[in-house]
Amino acid sequence: MGLDIIVGIKYVPNTTNVNIDPKTGTLVREGVPSVVNPHDLVAVELALRLRDRYGGSVTAISMAPPHAVAGLEHVLGMGVDRAILVSDRVFAGADTLATSYVLAKTIEKIGRYDLIVMGQETIDSSTGHIGAQVASWLDLPYVYYAIDVEYTGDGFIVTRELEDRVERYRLAKPALISAKMYSLEPRQVTLRDKLRAVIERPIETWSNKDLGLDPNCVGLRGSPTIVSKVEFTPKVPRKNIIFEGDLREAVRKLVQALVEEGVI
Ligand SMILES: Cc1cc2nc3c(=O)[nH]c(=O)nc-3n(C[C@H](O)[C@H](O)[C@H](O)COP(=O)(O)OP(=O)(O)OC[C@H]3O[C@@H](n4cnc5c(N)ncnc54)[C@H](O)[C@@H]3O)c2cc1C
């Protein structure tokens, strides 16, 4: 009984390096390196472990501009079987509703799937909407904060971890889960893994010609929410203290400083 899994990944600016344009309040993306959203790597890792346990396949999908092929190359290097970039100018400026609609229609077009795995949230917008919205478009059972999945043939037993308890759910298939962030260590990828993977399994690109969606339901035109104004960009004060010298002494000073700051 193979398990066909679809994973959603988003290629995001590496926010530790992101600057905000003080005039427009928008992200300055130029020159900012992008990465696969780290919480999506947890989703990919979970999907790959399930495939390895039960057989089947893992397909990664991403709705993004063309530069996101680099993100799909990364997950192909991790071992994903198929990667689809969904990219069209008409999808640009999407809010979460329009994004989830395109992803749901992409999944419908893929057709055969038992399980969809999403990350918990992204590090650039971090709404955590997309999993629930895709489940809603496709009328699927949905569990978030999932840390483990057992496949029973006709469905899944999903373990989810909340702050104060662990719960188990029985879901009929097909189903959608969001993997809890930091619940698994994603595998490392070498350049050789990536190169071999992209030659063996070239990335497919689908545009709106392939999906045939009404332009009024996607991108900016299909987005009912608009960020009208960013009032302020929070400033994070930093002291930039460097503890130099002997390692033990530097660590002792660091701990002392953290105690004095009330951090620990
Ligand atoms: C009001 C509003 C207005 C916005 N306007 C714009 C805008 O004008 N321009 C703009 O660029 N962005 C805009 N955004 C951001 C845009 O909506 C999000 O980038 C996108 O909808 C995904 O939401 P998220 O990053 O919060 O994902 P989350 O809901 O936090 O993501 C959860 C999971 O869903 C999956 N996922 C998320 N996005 C994708 C994707 N694209 N492909 C595949 N899987 C995915 C991943 O597994 C991810 O971990 C806006 C957002 C809001 C709320």
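A search of the whole structure, a predicted model, finds 17 salt bridges. One of them pairs Glu204 with Arg82, and their closest N and O atoms are 2.8 Å apart. Glu204 belongs to strand β13 (residues 204–206) and Arg82 to strand β7 (residues 82–86), so this pair ties together parts that lie 122 residues apart in sequence. Glu204 is partly exposed, at 27% relative accessibility. Arg82 is also partly exposed, with a relative accessible area of 30%.

A salt bridge also forms within a helix. Glu108 meets Lys105, with the closest N and O atoms 3.2 Å apart. Both residues lie in helix α3, 3 residues apart, or about one turn of the helix. Glu108 has a relative accessible area of 42% and is partly exposed. Lys105 is partly exposed as well, at 27%.

Asp164 and Arg165 form a further salt bridge through their side chains, with an N to O distance of 2.9 Å. Asp164 counts as exposed, because its relative accessibility of 61% is over the 50% limit for that class. Arg165, at 43%, counts as partly exposed. The two residues belong to a network of salt bridges that also links Arg160 and Glu167.

The protein chain has 7 helices and 13 strands. Its C-alpha trace spans about 60 × 45 × 40 Å along the principal axes. Of the 264 residues in the chain, 42% are buried.

A polar side-chain atom of Thr127 is 2.7 Å from an oxygen atom of the ligand. A polar backbone atom of Gly128 lies 2.8 Å from a ligand oxygen atom. For Met63, a polar backbone atom is 2.9 Å from a nitrogen atom of the ligand. Taken alone, the ligand exposes 950 Å², and the protein buries 81% of that area.

Local backbone geometry shows several features. A cis peptide bond joins Lys173 and Pro174, with omega about -5°. Pro174 sits in the loop between β11 (166–172) and β12 (175–179). Tyr145 is a residue other than glycine with a positive phi, near 60°. Its place is in strand β9 (residues 142–151). Tyr145 is partly exposed, with a relative accessible area of 28%. Phi is positive at Tyr182 too, near 65°. Tyr182 is found in the loop between β12 and α5 (191–200). With a relative accessible area of 68%, Tyr182 is exposed.

A nonpolar patch lies on the surface. Leu247, Val251, Val255, Val259, Val263 and Ile264 form this patch, with about 570 Å² of accessible area together. Val263 is placed in the segment after α7 (247–261). Val263 is exposed, with a relative accessible area of 58%.

Key: Residues numbered from 1 in each chain as written. Predicted model: local features only at pLDDT ≥ 70, side-chain atom pairs only at ≥ 80, totals over all residues. Heavy atoms only, no water. Polar contact = N/O pair within 3.5 Å; in protein donor to acceptor, adjacent residues only side chain to side chain. Areas by Shrake-Rupley, 256 points an atom, 1.4 Å probe, with all protein chains shown as cover. Patch = residues over 30% accessible without salt bridge, like charges linked within 9 Å, V, L, I, M, F, W, Y side chains within 5 Å. Salt bridge = Lys/Arg side-chain N within 4 Å of Asp/Glu carboxyl O. Helix = DSSP H or I, 4+ residues; strand = E, 2+ residues; numbered from the N terminus. Buried < 20%, exposed > 50% of the residue type's maximum accessible area, 1.4 Å probe, protein only.
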